[in-house]
Amino acid sequence: MNVLVTLNSLILGGCQLNAIDLAATAEPHGVRSVIVGYRSTIPPRGPSLLDATDERGIEVQVLDASMATNSAGPALARIAEEHDIDLVHAYGGWDLRPAFQGPCRWGRRPLVQTVYEMYVSAQTYPHQPLIVGTRYLLEEQRKARPGPVDLISPPVDLTTDTPTHDSTDFTTEFGLDSSRRHVVIVSRLDESMKELGVHHAIEAMARLERDNVDLIIVGSGDAETRLRALGAQVNEQVDRPAVTFCGAMHDPRSAYAAADVVVGMGSSAARALAFAKPLIVCGEEGWYRTFTPDTAPLLFRNSFWSDRSEPDPVDHLAQQIRALVDDADAREELADYGREFAEQHFGLELMAERMVDVYARALDGHQRRSWYLDLPVEVRPGISWLKRTWEERRRPAGREDRSSSGTAPAGADDRCG
C-alpha cells in the first residue's frame, strides 16, 4: 500500500513528529509512505522537523508550492501519480482542502484525516475516515458524522523514551546541579495555547518557597522573548538562577530524563509518562492536575489537556510542584504507574497497527460518491466570503468592523502539541 502523508507544518511539533513516527513504524506492515511538507512552514531560526527526520533516516519531500489549494492541490496530485499512491493521509484539521481537491479529486482516492487538535474543524470532511487523538472527540464525532471515526492516541516510542535514558550530556551542557530537583517543561513557546502554562510555571518558582528546585524550559516560539524576560525577573526576585531556558531541541529525550517532575500537555505529557516521570498536566487556560490513578481516566479522556481555568492558577500549580518535590516516595510510585499506563495506552507499535487497520478499511470501503457528498464543505468558505463582501459593501464608510479587528481566523491555532 502506497500512502501520501501531508503535513501542515515543518515546525517541531507533536503532531508532525507523531506523523513521521507512525509512517516509519507502519513500513514493516506493508505501508510505504511518501511524506510531504511545505517550505514556507520551516521556522526561520532553530531546528525544524527536518532535523528530526534526518536523525531518524526518514525522507520528507519539501514543496515550494504555496499552501493555497490552487497551488498545493495540483502539486500533491502530481506526487500521487508519480508514486502510484493508493490513499492520502492528511494531518491537521484546518488544512485539508489541497488533499481533497488535489490527489483525492473526484473521489479517485480515499482521504484519511488525522485531527490531533482538541476540536474538529468545520473544514474536515464528514464522509471521509477520521482519526482523532482524544477520547471525548471520538465519542462526540461518532454521533455527529456519517463517516468512520477511530481513536489513535498520539504515540510514544517506548523503546527510545525509557526511564534508563542518560541525561548526563544535558545536565552538563546547561550546568544543572544533579542534587537539586528539576521541574521540566518541553513545549513550543507560542502565544497560542502554550504561553500561559509556561508563564504560570515561571511565576510559581517565586511562590514555591523551595531553594532546591529549578525550572528547566526546552522550546522556542513567538512568546519566547517575553517568557525569557519574565524568567530573568523571577531569577532576580529569588536571587538565584531558578529558571533556565535551553532553547529548542529536535531530540529532547535527555531533558525528559533529567526531570524529577514534568509539567506538560498533550504529546509532551504522554512522553513524560513513558520516561517514568511524575506529571502535572497543564491546561490551556490555567488549570493543573497531577497525574495519579484517581485522575488518570479524566486526563487521558481529554488527551492531557483542558480549557478550564482556576481562580489562582499560579498558587495551585506551586502547591502541586511542592507536594511532588517534597515526597520522594510519591514520585517513585507515580513514576512506575505512569510508565505502566504509557505501555498500555499509547505505545508507538500498537498505534501504528491501528493506523494500518484504518488504512485497510478506508481502501476496502471507499466509494467515489463520498467525495461528492462532502462537496458542501467546499462551498462554505465561498459562502462566507460572499457574505463578508456583501456586508462590507453595505457598511457605511468609516465604520470600523469590530468583529474582525485584531482577531485570528477561526481554527487558525495549531493544537498539535
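1. Setting aside neighbours within four places in sequence, threonine 290 is in contact (heavy atoms within 4.5 Å) with Leu279, Ile280, Thr295, Leu299, Gln320, Leu324 and Leu334. Threonine 290 lies in strand E13, residues 288-290; helices (H or I, at least four residues) and strands (E, at least two) are DSSP runs, numbered from the N terminus. Threonine 290 has a relative accessible area of 15% and is therefore buried; buried means under 20% relative accessible area, exposed over 50%, and partly exposed in between (1.4 Å probe, protein chains only).

2. The model is predicted, so that local features need pLDDT of at least 70 and side-chain atom pairs count only at pLDDT 80 or more, whereas totals for chains, interfaces and linings use all residues. Residues are numbered from 1 along each chain as its sequence is written, and side-chain values use heavy atoms, with hydrogens and water left out.

3. The largest nonpolar core has 44 residues, and Ile202, Leu215 and Val243 have the most contacts inside it. Helix H12 (residues 313-325) gives the most to this core, with 6 residues. A nonpolar core is a set of buried Ala, Val, Leu, Ile, Met, Phe, Trp, Tyr and Cys residues joined through side-chain atoms within 4.5 Å. A second, separate core of 32 residues includes Ala23, Ile58, Leu87 and Val112.

4. Valine 243 touches Ile202, Met205, Leu215, Ile217, Gly231, Val234 and Asn235, not counting residues up to four places away in sequence.

5. The axes of helix H7 (residues 195-207) and helix H8 (residues 224-238) come within 9 Å and cross at roughly 10°. Axes are lines fitted to C-alpha atoms, for helices over the stretch in contact, with angles from 0 to 180 degrees between N-to-C directions. H7 and H8 are therefore roughly parallel to each other, a term for angles under 35 degrees. Among the residues making the contact are Val198, Ile202 and Met205 of H7 and Leu227, Gly231 and Val234 of H8. The residues of this contact divide into 8 nonpolar, 3 polar and 3 charged; Ala, Val, Leu, Ile, Met, Phe, Trp, Tyr, Cys and Pro count as nonpolar, Asp, Glu, Lys and Arg as charged, and the others, Gly among them, as polar.

6. Tryptophan 106 has a positive phi, near 65°, in the loop between helix H4 (97-101) and strand E5 (111-115); with a relative accessible area of 40%, tryptophan 106 is partly exposed. Alanine 276 has a positive phi, near 60°, in the loop between helix H10 (266-274) and strand E12 (279-282). Alanine 276 is buried, with a relative accessible area of 15%. Most residues other than glycine have a negative phi.

Definitions and conventions
Parallel < 35°, antiparallel > 145°, perpendicular 65-115°, else oblique.
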